[in-house]
Amino acid sequence: MSTQPESGYDVRSEPGRDRSEPVTEAGPELGAVVGERRHLTDLAYRLLGSLAEAEDAVQETYIRWYAMSPREQAAIASPGAWLTTVAGRICLDVLGSARARRERYVGAWIPEPLPDRSEWAGAADPADRVTLDESVSMAFLIVLESMTPAERVAFVLHDVFRYPFAEIAEIVGRTPAACRQLATSARRRVRAAHAPTAPPAGQAGLVRNFKEAWEAKDIEALVGLLDPEAAMVADGGGLVGTVLHPVEGGEEIAAYLIHIADKVPGMRLLERSVNGRPGLVAQHAGVTVTVAAFDLAGDRVTRIWAVRNPEKLRAWTGTGPDGAILGSGSGGTIL
C-alpha cells in the first residue's frame, strides 16, 4: 500500500490506520468500537457532503454492529475495518439515491458548511466530529460532487484515507483493479478543477478586503477583488429566497452584492472559517442567514458558494469572540 497518495491531497499524518482492537470472547472492547465514531464521521462527511447525512450513516452503522450477538462481534477480527466497510457501503447507497433527490432540489445544491469550533462558544461543534483540512474545503467537496458514487468512494478512501484497493473493493463491490481505475478517473477530475490558491495569510486578507468593500458598497473595489470570470452560486433549497442560477462575471457579482446591501439594511458580515478556510457569515437581526465560502486564486476571488438553506446552518449557532450571537433562521433575501 502506498504511503503517499498520488493526488497531492494527503490529509493523514500517518500512512494507514491501526484498525486492530483487542477482542474477547464477550466481544470487542466497547471503547475501541465507540472510538471509531470520529473516523467514521470524517469519512461519511467527505463522502456525502452533509453532516446530517453523515451522522445518520454513522448511526446506522452502529445499529448494525449492536444488532449482532456478542459471539458474532467476537468473530470479527478487526471491528474498525468492519465498521468502515459497513459505513462505506451505506454511504455508497446514500450517494446513489442522493443523485435523484438533488435533481429535484430547488436551485443549486451546495455541501453543508462547517464552522471552526474555536470561533463559537456553545456551538454545535461539528469540528469535534469532523477533522477540518484540505479535503473538506468547499472547493474540494464541489469537485467530489462531480464524481460518480463509486469514483467518490474509491478516491476518498484511497487518496484521502489511504485505504488499499483490496479493502475498497469489498466496499464498492468491484475488483481492486477496477477500483484503481475509479480512483484514477476521480483524480483526473481533481487535477482538472484544481487551481493555485492564495497562501493562507493572503486568503484571510483577501476575504477581509472583500468584506470591507461590500460593507462600504464600493463597487469598484469589489470588481477589483473579483476575477472577471468569477461565479457565485447560492443554495436556498426552496426554503428561503435566493438566486436560483449562478451569477457569473465579476461586475455582475459586484452589482448584485451592492443590490443586496441596499435591500437589507442592518446586515452584519462576520469573518469566520468555513470548512477550514476564510469565509464570511451574514447575520440579520441576530440570526445567521448565509454562510459564504470562497475559492481564491492569486489576489482574486474566483468562486463564491453562499449557503442559505436553514437546514444546512444548524451548526452555525453560538457566540463568537466578538460577541456576535449566531442562530439559524429563514430571514429575508440575502444572497
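L30 is exposed, at a relative accessible area of 56% (exposed is over 50%, buried under 20%, partly exposed in between, with a 1.4 Å probe and protein chains only). This is a predicted model: local features need pLDDT of at least 70, side-chain atom pairs count only at pLDDT 80 or more, and totals for chains, interfaces and linings use all residues. Residues are numbered from 1 along each chain as its sequence is written, and side-chain values use heavy atoms, with hydrogens and water left out.

L30 sits in helix α1, residues 30–34. Helices (H or I, at least four residues) and strands (E, at least two) are DSSP runs, numbered from the N terminus. The protein chain has 12 helices and 10 strands. Buried residues make up 53% of its 335 residues.

An open sheet holds 6 strands, ordered β4-β3-β8-β7-β6-β5, with mixed pairing. Strands β4 and β5 stand at the edges with a single partner strand each, so one side of each lacks a neighbour in the sheet. Two strands pair if DSSP finds at least two bridges between them. Strands β7 and β8 pair in the antiparallel sense over 7 bridges. A292 stands opposite A306 in β8.

| β4 | 247–248 |
| β5 | 268–274 |

Contact means heavy atoms within 4.5 Å. Among contacts in the protein chain with a separation of 6 or more, 69% join residues 24 or more positions apart.
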